[in-house]
Amino acid sequence: MNMIGRLVKTKFWLCCFLVCRLIGTSASWEHRNISEDSQLSQTVLQTPDGVFEYVNVSLDFRHAERYCRQQFSLLPNDTSQDDLESTKKLLLVMGVSDPIWLRDSSAHRWGHPWFTAGQNSPLLLPIFMFQEITHTKYAKVELHFPVLSEITVCAWVQWDNKSQGVSTIFSYAEPFFINAFQLRGQTDEHGNINMALIVHGHHTPYKTLLRNDGEWHHLCVTWQKAKGIWAIYIDREKGNSGSGLYASNDINGDGIFIIGQDQDTLGGTFNEAFCGNITALNIWNKSLSEEQVAGVSPCSMIKQNQLFHWDVTKITIEATVGRSLMKFMCPDLKSLPNKECRAFHIAPVTQQQTHGYSPCTRPLAFVCKHKKGTYLKLKEMQEAREESNTQFIDYLIKLTNSSTIEECLSTKCSVNLSVSEVHQILHYTHQALREADGELEPSDLLALVQFLIHVADMDVKASESTVTIGELSRNFIAVAGAMFEKDHVSKWAAIRELVNGPMTVVQSIDRMAANLNLLLTAGSSEMVIDSSNIKLKVKQRVLSHDSAGADFYGLQSGNESTGDYISVPPEQIKDLQQNGFKKVTFVNTWYGSLHPYFGSENNVTQFSAVSDGSRKYVGTVLGSSVISTTILSDDQQINMAVHYQLQHRVEYTPGIEFEPICVFWDFNLRMEKGGGWSTTGCFVTALGYKSTSCFCNHTTNFALLLQVYEVHRSPAEESTLRILTFIGCGVSLCALAMTFILFIAVGVPNSDRTTVHKNLIFALATAEILILFSELASSNKALCMAVTALLHLFFMASFTWMLVEGLLLWSKVVSVNISEDRRMKLYYVIGWGLPVIIVGITLATSFNKYVADNHCWLNVQTDIIWAFVGPVLFVLSVNAFVLFRVVMVTVASARRHSKMLTPSSTPQLQAWDLTWAAIKPVLVLLPLLGLTWLCGVLVHLSVVLAYIFTAMNAFQGLYIFLVYAVYNSEVRSAIKRMKEKKKALSFTNCSQPISFLTTQKTTGSWDHGKLSLSTPESSVSSPKQNVSTKKSLVLKNEGFRKESIVTISLNQAVQLTAFKPSGC
């Protein structure tokens, strides 16, 4: 048995060796060339930005892109002038004039590693709805048409199943000939649609091509002047064709193209209107072949020779034409045989560069663009590997009893290996990893990464043995899991210039997992693969009306509900069924040990973090497992929204806080580095102490990033500051309300100063109310958004009215030639207009990033916070300058006053007067102008400063009450007048009715409420008194507590008659 086993193993490795050698002669000669200095210049061009390597092997676009990816490089970018110029130089040096492949920068997909896959989300197509037959509904293509010797028009059309007679799908009219190019349909009484093509007045016979079944149909018409060849295609199959139609003549340019109507005059006089829906109409100045027509799709349009692509911004639409959207599910681009890809070509004579399109299945040579450091590092490691084997390779050779394993793990022979051969290589590699006691060198890790990339890119056929594919997949996951062990963290760091961490292997696992769909049958609809660090689950599911959500859990110990999981909501599954999907496959993966590979120094930097007085930002780390979901249907990747929850995989230490961010790995972000974390479409839905729940509107690999903060204040100190803030806001709110009431109730005279005071008080009081109740709104997303917007508005208004206070103060110091009415209009624009504009623009431009995750305030993790901080800093800067100017004027005035009134005072006394003159306006104006907020930049230095800052700003309303009300001379005068008026009214209400004699000897007095008359003399002690010429009346009132003598001019006495008796 041992002899037989050795014989089988020897035959296998001999086969592997022969395959490697055969493929190596064709697929890797360029590597031998670039390793030889004498031929380096012939295949490689080095630039300051990178290294461009010409690969003289003709591959289709998919395999060319795959080859460069396996070398940790990319095809040149079609929009980068540097890439195009460097590629041109290399091709000219090598004398290559054949076209090569380029990378289409516009073909961006949701961060998924399946670069060759199709669009992974539904395509929304605008639809024109011609709902009834009229002579007014039309759509005009805004395009300057050239002279056409060939033309193709394709569109998706849906006839109204009630329409009858002749209708025109589109018509093209020349300036001097109307019926230049038309497609007509005629619905007969049997529900059939007969179609005919008109070219320059020449009419093809009508032919029945489809039923009027109310369904969408794909129509294409082609014509060329050579022999007048024409064709009409229905649902990508040729329905009618012929030749001799307006042969040897061109269709003239400068015409008008109308959708939905026949033109009897140029661009008008419509008849034979179309009734139904039209979308995705495209025009080419070339007659497409039958194969090209079969590949026309909104998801993969043939761009070469295309005159017009479906774009409603380039179409004039009559007002009564209805418009809607249709969801078009795009298939895998591999299933579209005529998909066109970007190509680059240099003319051999003129040496002019052109880039266009070529069928993606066409074999072309190509150029790989490397990062300079990546290329040199890769070359260095390959040369070192050629000199001597590592301990791991030696052990693997010993384990397999064959030296060919070394070559089969290199990039020279792994392409086109059979599934069984790859399975054997992975099996022995996993055994070597398990038994080699962690003796893995960086070059070994790099070789394994490249080999897994090769395996993941294999085209697995449906005829392959499901058992072999299953075993290959298990060994693949086992090898990848062993590579993710913590012992290999330093090895990954050593090859970071080549591989951006383990996400390169994750990318390979995602591609490999798509092949597992072949293993699932009606009897076996689920497959689960577990390793120490990876769990992979593939489940096929038949959709039904009561379809529940799809949940997947990572490896857990204990209760699954408290662990890592990802879920597709039931409503998303229902949408799939409503869109016609019968059966879907869910591919889920969980990676439990990737977080050690993403330290703060290696992680993303594009997520902003704010350090405030309570904590200092330290860095960002991967703080969870990585979990993913992919949904497939008939080899079509479907994009769906998901919920996921991940545990925080960090050690909590005193003095450290973590703030989670929901992210996904975008393989198209910074592609030269292998991708990066992104937050697009993801946000936090629930935050716990040990876990975080998220929502994302797409499918890919998800995780949690934790922003690490060093806490400067203890929880007790933070609690004290919160309590102080709450108390201060409550006291300030009461004080502001009392101040506002006093301004209205006591009758303070109206002026620009009091008006500004009232607006500031109102804005600040409203902001205080909102901040006191903002926590109650945090649980309701819509309410929290509204509260945040109002907080932003009224706090901004508070600061803008503080700015107005400063401007008003300036106008009192510096002579300003502006009337009070005009000045108040300007103040209102500044005080309320600017906040409304700032908040409105911020909401309009950043609505989805406006609110913070955990409380109702602006999101400090983005640049949104500058919509508040920026204007506040401007206000504080202006008011600081105003205060400085006021202090200077006050000190100068005090100096003049001192010299004039107290010239002989001592220098010490004068210095004290000047110092007080400077300090007094600062103490009074500092809080009123909002300048106490400048202390916020110092709160991180000490908790004492934090208490001072909180107290100064939380009790700002109380300070305003003291300055604007208690010590305000206008308010005090108004209160005094109000008291005097009340006293006078009280005096009036306590009086009895009396009458006065207008004689100088008559006086009146009250004795316990009774009036008695006396002479003036009886009211004085002098026995003799000169009679005054002034007529007066002396009243003695003994009913008051203190005797009071009131002297009233007789001219005024007449006004005091007819007192009403009171009950006092």
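This is a predicted model: local features need pLDDT of at least 70, side-chain atom pairs count only at pLDDT 80 or more; totals for chains, interfaces and linings use all residues.
Local features need pLDDT of at least 70, side-chain atom pairs count only at pLDDT 80 or more, and totals for chains, interfaces and linings use all residues. Residues are numbered from 1 along each chain as its sequence is written, and side-chain values use heavy atoms, with hydrogens and water left out.

A search of the whole structure finds six disulfides. A disulfide is a pair of cysteine sulfur atoms within 2.5 Å. Strands (E, at least two residues) and helices (H or I, at least four) are DSSP runs, numbered from the N terminus. The link of cysteine 341 and cysteine 360 is right-handed, with 100° about the S-S bond. Both cysteines are buried. Buried means under 20% relative accessible area, exposed means over 50%, and partly exposed lies in between (1.4 Å probe, protein chains only).

Cysteine 682 and cysteine 696 form another disulfide, with sulfur atoms 1.9 Å apart. Its torsion about the S-S bond is about 120°, so it is right-handed. Cysteine 682 lies in strand β36 (residues 682–687) and cysteine 696 in strand β37 (residues 691–696), so parts 14 residues apart in sequence are tied together. Both cysteines are buried.

In the disulfide of cysteine 784 and cysteine 856, the sulfur atoms are 2.1 Å apart. This link is left-handed, with -130° about the S-S bond. Cysteine 784 belongs to helix α18 (residues 781–813), while cysteine 856 is in the loop between α19 (820–845) and α20 (866–901), so the pair connects parts 72 residues apart in sequence. Cysteine 784 and cysteine 856 are both buried.

The largest nonpolar core has 67 residues. Such a core is a set of buried Ala, Val, Leu, Ile, Met, Phe, Trp, Tyr and Cys residues joined through side-chain atoms within 4.5 Å. Leu426, Met483, Trp492, Val505, Leu536 and Trp677 touch the most other members. Helix α11 (residues 442–456) supplies the largest share, nine residues. Another core, of 58 residues, lies apart from it and includes Leu760 and Cys856.

Threonine 168 lies in strand β7 (residues 165–174). Its relative accessible area is 0%, so threonine 168 is buried. By contrast, glutamine 391, in helix α8 (residues 391–400), is exposed because its relative accessibility is 52%.
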